[in-house]
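This report examines a model in terms of its domains, its annotated segments and its helix packing. The structure is shown first.

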Amino acid sequence: MESGKNFIVGIFDDESVLLSAVKKVRGSDVKIHECYTPYPVHGLDDELGYKRSRISIAAFMFGITGTCLAFLMMIYMMGIDWPMIIGGKDHIAIPSFVPVGFEVTVLLAALGMVGTFFVISNLKPYGKPRIYDIRSTDDKHVMAIDLAKNKKSTDELSSILKESGAVEINEKKF
Amino acid sequence: MAEEQFQFTAKAKKRLSILAIVGVVLLILGIFSANSNSHADEASHGEQTEQVAESHGEEAHATEEHAGEEGHGYHWSKRIFANLWINNMYFVGLALLGVFFVAIQYVSQAGWSAALIRIPMSFGNWLPIGGILTLAIFLLGGHDIFHWTHEYLYDVNDPRYDAIIAGKEGYLNTPFFLARMVVYFVVWYLMFRWIQKKSLEEDLNGSSDYYFKLRGISAGFIVFFAVTSSTSAWDWILSIDTHWFSTMFGWYVFASWWVTALAAITLITVILKEQGYLKIVNTGVLHDLGKFVFAFSIFWTYIWFSQFMLIYYSNIPEETVYFIERLSSDHYSIVFFVNLILNFFFPFLVFMPRDSKRHTVFLKIVTIIVLIGHWFDFYLMITPGVLKENGGFGLLEIGMAIIFGVAFLFVALTGLSKKPLIAKNHPMLKEAEHHHVF
């Protein structure tokens, strides 16, 4: 874990206040680290300027790996390691491998996506997820600003947050 | 709310007419070349008949008699009937599934499609014409297309008696077949008219009562459609290969029709949008249409593969004959794989990335390919059963498909131009306007 990372954490009561606050804070040249909300807030992604997630590319890669692995496995098992005649078909009867190929594709794509998601959101084993404010799982919207990535001082950032409607402003150190 | 009226301009009509003339010219050229081919074949035809006779052993006598009765077994007019039937089935499906799309949207209370609901609705205008064509082609060319219509098959004393087909007589007899055909078309058309009428009344009076009424009618239509889409597929396409049957066939034809209709809706929406209509249809809606085509291309493949896989694996001669007929012929085996490439690999790979479903260029390319691909799907369902080894693909096929396509567009676009393009009092219109897709 990196230590000594300082964050300014603004707490908001209402999603519409949060949305306008995100606009204001970003408008005054402050980089927002991340927002945490108890439920999905429509339009927040756009306001935060997120680029589209690349998880679909990961899914495709995992999927195609699954297809190749399944076909290699079936061809090796049924055609090379222990050739068997089933229903008078060739040893390597491609059409009958398609269902297994499909299933393994789906399996690897799904597991791969979940794994990727866990790793990038720091939910991996022995990873300690940062909790900026526990109330973000209940009724509060949380905006975290990384001090190291912004040139403004703590006071300046606090006043910007206050102006934009934060009900509470904390400092958090990890 | 936005009021829009589609203008079926003289320019568009002129373009379509020119296309129709091109189609007619191609068709005539095609008939001439098919005609000369069939005459050239006549010399070798006697030989062929003998071969068939030998292979059938005890049926030898029957085959000779059969050949004598009809002049000779294959005549180019048979190819015309086969083509009429392919195109007729394709466009009847397009019209029917357009109405089905509307019904699905109402029953599921879909908001996203509210602005473009009039486009699939206009497809239904083809239903009466399709019905008359189906009836006419069956009455004129029934014997050419459907083997089971020959009466001698059911006569125990006739040497050509076919026990298997005779066993199906309870369902597969001409009066019942015609009655079913009439019932399908009459009910489909009346339900379509009813949906259309209520939707237009909603435009004038604007009350949510119409919306709920439409939901009820649509639910009724879907129930009737659920049964008749399968039975009509058995009647009109599966019964061509009378001995063979597949329990997945109804679904298979439905899947093919459904992708075709979705592709046509998408294509027309995109083209109208490019011409400045349908301003409230945003990129999100186009994205969803693209997803629909993508998803149901995969669905079609799933059904296609399930049918193929089960028959391939169980390896029962009565069933495999269907695929052997298609895969062992030089001509059909190419179409067989082209069908799979155009209808699965192409839309699957091109429509996989998000951006390709949001750009009109890709939407147009893929939907046109899918529309052509599913024409080949129907070609592959019908031609081998009707024409056996005499099937071909040439100017005749292209010309006939163009004529049918132009006629369908003419009817659908005329229907579209007579009504407001946007159902302005549709309660979900606001939702469609703000439809947002990630």
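## Domains of chain A

The C-alpha centres of domain 1 and domain 2 of chain A are 44 Å apart. Domain 1 of chain A comprises 6-51 + 130-173, and domain 2 comprises 55-120, with bounds from an automatic or database domain assignment. The model is predicted: local features need pLDDT of at least 70 and side-chain atom pairs pLDDT 80 or more, whereas totals for chains, interfaces and linings use all residues. Residues are numbered from 1 along each chain as its sequence is written, with chains lettered from A and ligands numbered from 1 in the order in which they are written.

## Annotated segments

In an unreviewed entry, UniProt places the feature "transmembrane region" at residues 57-77 and 97-120 of chain A; such annotations may be inferred rather than shown by experiment. Residues 57-77 of chain A are 100% helix, with end C-alpha atoms 30 Å apart. Residues 97-120 of chain A are also 100% helix, and their end C-alpha atoms lie 34 Å apart. Helices here are DSSP runs (H or I, at least four residues).

## Helix packing in chain B

Helix H12 (residues 330-350) and helix H13 (residues 360-387) of chain B pack at about 150 degrees with axes 9 Å apart, the angles running from 0 to 180 degrees between N-to-C directions. H12(B) and H13(B) are therefore roughly antiparallel (over 145 degrees).

Definitions and conventions
Helices (H or I, at least four residues) and strands (E, at least two) are DSSP runs, numbered from the N terminus. Angles under 35 degrees count as roughly parallel, over 145 as roughly antiparallel, 65 to 115 as roughly perpendicular and the rest as oblique.
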